[in-house]
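Me: I have a model open and would like to learn how to read its features one at a time. Could you take me through it?

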Amino acid sequence: MGLEEGVWASRIPAIKADLSLGYGTLGLALFAIPLGTVIVLPAAGFLVDRVSSRAVLRWAAPCATSALIFPGLAPNAAALTAALTFFGAALCFLNISMNAHAVQVEQVYDRPIMAGFHASYSLAAIVGAGLGGLFAYIGLSARPTFILVSGFLAVVAILVGQILPSSPVEDVRREVEPKGLSTATVWRAILALGLLATCAACAEGAMTDWIAVYFHDDLGGSTWIGSAGLISFSSAVAVGRIFGDRLNERLEAVPLVRVSGLIAGTSLIVTLLASEPIVALVGFFLVGAGISCMTPQVVSASGRLGSNRSGRSLSVITGMSTIGNLGGPVVIGFAANGTGLRIALMIPAFLVLVVAASASVLQPPSRQA
């Protein structure tokens with residue numbers, strides 16, 4: 001999934017040029033991806049709970065990887081929008097079933113490994129972006145790029161689908177399912193986790209979209225410095241997730257997220273108060289490292305709410321985090337119009353501090369005060 005999305009993102013300029021799209025038209029077409037995700041979220045969660053994450057994942061993975069072909073075949077903006085809507089929907093089924101299955105595997109493994117799964121996604125996205133850039137460098141257009149990548153990933157998805165564990169995982173999940181929790185209690189826990197995911201995703205989306213602009217407009221840096229800032233942040237997210245499981249073993253989820261939120265929030269505040277690009281590079285690295293451990297812990301916590309509702313839990317949490325990821329950059333843009341970008345970026349700092357203060361919701365409802 002990460003490799004596919006990285007390749008797609010790296011070839012968006014080629015799609016824009018091939019179809020002669022303006023910025024507004026391209027923006028509307030790109031909005032179709034999250035739109036497709038939100039449309040099928042309830043169905044994805046229901047199917048995972050009704051059928052099993054393994055069954056959904058075995059067909060969702062090849063469908064999602066094959067869906068990358070269609071944006072490359074689109075002859076105009078309308079067709080591109082339709083193709084991206086399908087692309088987003090297919091990615092949603094893959095995302096929900098994959099995370100639900102990861103929760104099961106983590107419970108069987110009996111130690112934290114969720115951050116490692118998310119690190120794989122982050123690293124694969126970086127590799128995918130590099131691969132797409134390489135294809136662009138050698139002159140390969142978007143269409144054959146997508147066909148080659150989709151074909152390869154679809155074969156890998158089919159092969160991996162044959163070795164996914166099934167019933168033993170379900171048996172273990174039933175053994176660890178919390179007992180005596182009312183439906184209202186569970187849904188309150190789901191919404192609380194969703195709000196945490198929304199805050200984390202909002203901060204991450206804001207950083208991703210506005211770091212380069214901040215370096216250029218507020219610090220007077222060149223374009224390459226802005227790119228370096230984004231790379232610093234993105235690399236820290238990947239590195240933080242690589243080591244996140246070990247930290248989780250030592251600290252447990254609640255202290256880990258509290259410390260992570262404090263690191264991210266205070267680092268961002270200090271970075272924004274400073275005016276040196278070098279300080280900002282280090283600061284945004286620390287911000288990325290702090291944010292990196294938040295979402296994996298939320299996903300793991302959702303799996304502790306019971307084996308019969310993990311799909312629906314993840315669909316709600318994913319929907320809320322998607323809104324945060326999309327809405328965060330927009331809110332920052334509107335705020336920056338009135339206060340300036342430096343002040344507007346204090347909003348993500350506040351949000352990650354809220355996550356730190358609210359980390360206790362990561363505990364199972366029966367253990368919360």
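**Reading the model, feature by feature**

Reply: In H4, Ala32, Ile33, Gly36, Thr37, Val40, Leu41, Ala43, Ala44, Gly45, Leu47 and Val48 meet Thr81, Leu84, Thr85, Phe87, Gly88, Ala89, Cys92, Phe93, Ile96, Ser97 and Ala100 in H7. Contact here means heavy atoms within 4.5 Å, and the helices are DSSP runs (H or I, at least four residues) numbered from the N terminus. This is a predicted model, so local features need pLDDT of at least 70 and side-chain atom pairs count only at pLDDT 80 or more, while totals for chains, interfaces and linings use all residues. Residues are numbered from 1 along each chain as its sequence is written, and side-chain values use heavy atoms, leaving out hydrogens and water.

Me: At what angle do H4 and H7 pack, and how far apart are their axes?
Reply: An axis is a line fitted to C-alpha atoms, for helices over the stretch in contact, and the angle runs from 0 to 180 degrees between N-to-C directions. Helix H4 (residues 32–50) packs on helix H7 (residues 77–109) at about 40°, and the axes are 7 Å apart.

Me: Is the crossing of H4 and H7 left-handed or right-handed?
Reply: A crossing is left-handed if the near helix is turned anticlockwise from the far one by less than a right angle, and right-handed if clockwise. The H4 and H7 crossing is right-handed.

Me: Let's turn to charges. How many salt bridges does the count come to?
Reply: Side chains of opposite charge can pair when their charged atoms come close. The rule asks for a side-chain nitrogen of Lys or Arg within 4 Å of a carboxyl oxygen of Asp or Glu, and by it the count comes to one salt bridge. Arginine 241 forms a salt bridge with glutamate 204, with 3.8 Å between the closest N and O atoms. Because arginine 241 belongs to helix H12 (residues 223–251) and glutamate 204 to helix H11 (residues 183–217), the pair ties together parts that are 37 residues apart in sequence.

Me: Are arginine 241 and glutamate 204 buried or exposed?
Reply: Buried means under 20% relative accessible area, exposed over 50%, and partly exposed in between (1.4 Å probe, protein chains only). Both arginine 241 and glutamate 204 are buried. Serine 292 is buried, with a relative accessible area of 0%.

Me: Where is arginine 11, and what is the nearest side chain of opposite charge?
Reply: Lys and Arg count as positive and Asp and Glu as negative, with His and the chain ends not counted. Arginine 11 sits in the loop between helix H1 (2–10) and helix H2 (12–18). Arginine 11 is buried but has no salt bridge, and the nearest side chain of opposite charge, aspartate 18, is 6.6 Å away.

Me: Which side chain does arginine 11 make a polar contact with?
Reply: A polar contact is a pair of N or O atoms within 3.5 Å; within protein, one must be able to donate a hydrogen and the other to accept it, and residues adjacent in sequence count only if both atoms are side-chain atoms. The side chain of arginine 11 makes such a contact with the side chain of threonine 145 (3.0 Å). A polar atom of the arginine 11 side chain also lies 3.0 Å from the backbone oxygen of leucine 140. Beyond neighbours within four places in sequence, arginine 11 is in contact with residues including Phe135, Ser141 and Phe146.

Me: What should I look for in the backbone angles?
Reply: Most residues other than glycine have a negative phi. Serine 20 has a positive phi near 55°, in the loop between H2 and helix H3 (23–30). Serine 20 is exposed, with a relative accessible area of 67%. Glutamate 252, in the loop between H12 and helix H13 (253–273), has a positive phi of about 70°.

Definitions and conventions. Helix = DSSP H or I, 4+ residues; strand = E, 2+ residues; numbered from the N terminus.
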